[in-house]
Amino acid sequence: MTIYADNAATTRMSQTAINAMLPYMGEIYGNPSSLHTVGQKANEALTEARERVAKCFGCEPREILFTSGGSEADNQAIVSAARIGEKKGKKHIISTAFEHHAVLHTLAKLEKEGFDVTLLDVHENGIVTPEEVAAAIRPDTCLVTIMYANNEIGSIQPIPEIGKVCHEKGVLFHTDAVQAAGHIHIDVNEQNIDMLSLSAHKFHGPKGTGVLFAKKSIPLTNIIEGGAQERGKRGGTENIPGIMATAAALEEACANIDKNAAHLIPLRDKLIAGLDKIPHSILNGDRVNRLPGNVNFCFEGIEGESLLLLLDDKGICASSGSACTSGSLDPSHVLLAIGRVHDVAHGSLRLSLGEDVTEEQVDYMIAAVTDVVAYLRSMSPVWRDLQEGRREYILK
Amino acid sequence: MALYSDKVMDHFRNPRNVGVLEDANGIGEVGNTMCGDIMKIYLKVNDDEIIEDVKFETFGCGSAIASSSMATELIKGKPVSEALELTNKAVAEALDGLPAHKMHCSVLAEEAIQAALEDYQNKKLAAKQGVTQP
């Protein structure tokens, strides 16, 4: 038995998405820029896909740009806002400490160019308040970029309220909605969003395809030069099979948001309640304002990679924010941002449930994680020190 | 290719010599929780300077656990003089290699063994000095 509980990393493509892309590989394979019939058929498909995606977010088709994924969309949104800002002498950007690296690294690049970046604190629950955003906005602020929902700990930000604050102060607002799109209702106008990034493979679409929504009033800066595609704002022949599958996957995900949440939330909460019973553990992220499928815990006295390997042996695919799984010496910047110290951040586990998860699987995961944590603690010198009073518990 | 060799996975899944030696006469602990790896080695050395028994406890990733397990196997039943020669390279080789970013786990295993041997030698010296004192 395999339980795939790493849907925040990527999802399995839905049959709808696979079916949507197939005709555009062997039959309608033309280049949308070609004048002949085969090319124009592809162009019609592209136009239709753009309309369908726009409909999912309540925007105009011309405000949808297809990219290679969420990272490219994040890069383009931030760089575009920075270029607009610097023309007006505004070189201050506000973001948070627990953004995806596609955002953080782009901001670091801009800092080297002389931009000033403020990273807001995200508190222990992983949520930024609109008041804090308002207080951080300065006369020279050109952009606020805050993720819709965190990829590791699942906390959902008050996006409409943050957008409102930005608009009141005349500042552009971008949100990295990679984890939220297709899982939470998003209407860019109602929610005061100027730019939004998403990645298709997070909602059962294909990898290598993403979307940047940018209000038509925002002049975009190219990340990829090379042609007239995407209104000249992104060179490269359009990935038609991927785009068709993206539109199909997004429509399907958006149509089922309420149904999926109604199924997932009780199972997520059962899993949280089950893991909460493990002594000296803590839930990461907000209990209520949380993605329907996200569960993230820290367990004291153990290390995450060995936890993942033993869960894999039991058929459970999960992930961790431990340094050993990140390839760096530091554990996840997200866990450090919510105040977890290194000692416990190394012992983190993320289970991100898929819509097809069952109650039996949740019961199995609770039992498996409980067993593996107890086993690893039994061989941990840190755990022995904690138990025998030579070391103070960090997690009560 | 998988991240780890079959040998690493075998020693990770079925670690040899896990636990505590209540009558250990050499104990070594290295690493820290900041970096995410701690190894503790317990040695029982007999009068003939042979490592009669060895146990370990490890907080760490798969390769840290496998490295500790292999290191204990390599020195069990060996004379202290031979154990002092144990290198991280020998541990890694016995595991059919470790990924480059996991080599520090074998270094930690070598250091833990050396720390336990040093503790044993210090204790022995202290005992000897204790006898000669008036």
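Trainee: How much of chain A counts as buried?

Mentor: Buried means under 20% relative accessible area, with a 1.4 Å probe and protein chains only. In chain A, 60% of the 396 residues pass that cut-off. Keep in mind that this is a predicted model: local features need pLDDT of at least 70, side-chain atom pairs count only at pLDDT 80 or more, and totals for chains, interfaces and linings use all residues. Residues are numbered from 1 along each chain as its sequence is written, chains are lettered from A in the order in which they are written, and side-chain values use heavy atoms, leaving out hydrogens and water.

Trainee: And which helices and strands make up chain A, by number?

Mentor: Those are DSSP runs, H or I of at least four residues for helices and E of at least two for strands, numbered from the N terminus. Chain A has 15 helices and 12 strands. Its radius of gyration is 22 Å, close to the 21 Å of the globule rule for 396 residues, so chain A is as compact as a globular protein of that length. That radius is taken over C-alpha atoms, and the rule is 2.2 Å times the number of residues to the power 0.38.

Trainee: Which residues of helix H1 of chain B are buried?

Mentor: An α-helix has 3.6 residues a turn, so residues three or four places apart point the same way. In H1(B), residues 6–13, the buried ones are Val8(B), Met9(B), His11(B) and Phe12(B). They cover an arc of only 165 degrees around the axis, which puts them on the same side of H1(B); the arc is that of the directions from the helix axis to the C-beta atoms.

Trainee: What covers them?

Mentor: Look for contacts, meaning heavy atoms within 4.5 Å. The cover includes H10 (304–313) and H14 (359–378) of chain A, together with H2 (62–75) of chain B.

Conventions. Buried < 20%, exposed > 50% of the residue type's maximum accessible area, 1.4 Å probe, protein only.
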